[in-house]
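I opened the model to look up its fold, its cores and its charged pairs. My notes follow in the order I made them.

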Amino acid sequence: MSLVKIRTAMIAFASSAALIGGTVVLAAPTAFAATPQVTAGCYGSSCNRQDPVDMGCSTDAYTVESVDSAKGTIELRYSPSCRANWARISGASNGQEFYVYNESLVVWWHAIGSTGYGDMVDGSGKARACISSGACTGWH
């Protein structure tokens, strides 16, 4: 270690220590963790029929439940910051219909290629995602 590095380390140590009654007291290191902020473009019912990516809802979203079927895998997705649900499909045939619904609204969508996701519904109550004429998630 060079003399400059040692001196810098000693200065840094001295600046974080204090002499109290003849005892050296070290200051605890302070950590600043960056907390990602999710800026949602909608919330609850204002998310009805909105795109989850465009509205920033996909940022903190997670899969509540997924169900495999011969027609593909259907997922019920949820965003806490938007308080909204939507359906996502994978392993489907091109054009496969799928939908998400809650107690008051159904939103249909078509897979483009083998994957896709649809627009959102209000997640204040329970919601469910389904593949047309196929599997559904439970109510969550």
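I took helices (H or I, at least four residues) and strands (E, at least two) as DSSP runs, numbered from the N terminus. Read along the sequence, the protein chain follows the pattern α-β-β-β-β-β-β-β-β-β-β. That is one helix and 10 strands.

Source notes. This is a predicted model, in which local features need pLDDT of at least 70 and side-chain atom pairs count only at pLDDT 80 or more, while totals for chains, interfaces and linings use all residues. Residues are numbered from 1 along each chain as its sequence is written, and side-chain values use heavy atoms, with hydrogens and water left out.

Entry: whole chain. I looked up burial, where buried means under 20% relative accessible area, exposed over 50%, and partly exposed in between (1.4 Å probe, protein chains only). Of the 140 residues in the protein chain, 34% are buried. I then looked up contacts, meaning heavy atoms within 4.5 Å. Among contacts in the protein chain with a separation of 6 or more, 48% are between residues 24 or more positions apart.

Entry: strand β4. I asked how many residues of β4 are buried. Eight of the eight are, so β4 is largely enclosed by the rest of the structure. Gly 72, Ile 74, Leu 76 and Tyr 78 point one way from the strand, and Thr 73, Glu 75, Arg 77 and Ser 79 point the other way.

Next I checked the partners of β4; two strands pair if DSSP finds at least two bridges between them. Strand β3 (residues 62-69) runs antiparallel to β4 and is joined to it by seven bridges. Thr 63 stands opposite Arg 77 in that pairing, and a hairpin through two residues joins β3 to β4. β4 also pairs with β5 in the antiparallel sense, over seven bridges. Here Ile 74 stands opposite Ile 89. The β4-β5 hairpin has four residues between its strands, and Arg 83 in the turn has a positive phi of about 50°.

Entry: nonpolar cores. I counted as a core a set of buried Ala, Val, Leu, Ile, Met, Phe, Trp, Tyr and Cys residues joined through side-chain atoms within 4.5 Å. The largest has 16 residues, and those with the most contacts inside it are Ile 74, Ala 87, Ile 89, Phe 98, Val 100 and Val 121. Elements giving two or more residues to this core are β4 (72-79), β5 (84-90), β6 (97-102) and β10 (127-131). β10 gives the largest share, three residues. Not counting residues up to four places away in sequence, Ile 89 touches residues including Ile 74, Phe 98, Ala 111 and Ile 131. A second, separate core of nine residues includes Cys 42, Cys 57, Ala 61 and Cys 82.

Entry: charges. I searched for salt bridges (a side-chain nitrogen of Lys or Arg within 4 Å of a carboxyl oxygen of Asp or Glu). The whole structure holds one. Glu 75 forms a salt bridge with Arg 88, the closest N and O atoms being 2.8 Å apart. Glu 75 lies in β4 and Arg 88 in β5, so the pair ties together parts that are 13 residues apart in sequence. Glu 75 counts as buried at 11% relative accessibility, and Arg 88 as partly exposed at 31%.

I also looked up Asp 119, in the loop between β8 (116-117) and β9 (121-122). Asp 119 is buried yet has no salt bridge. Taking Lys and Arg as positive and Asp and Glu as negative, with His and the chain ends not counted, the nearest side chain of opposite charge is Arg 49, 7.1 Å away.
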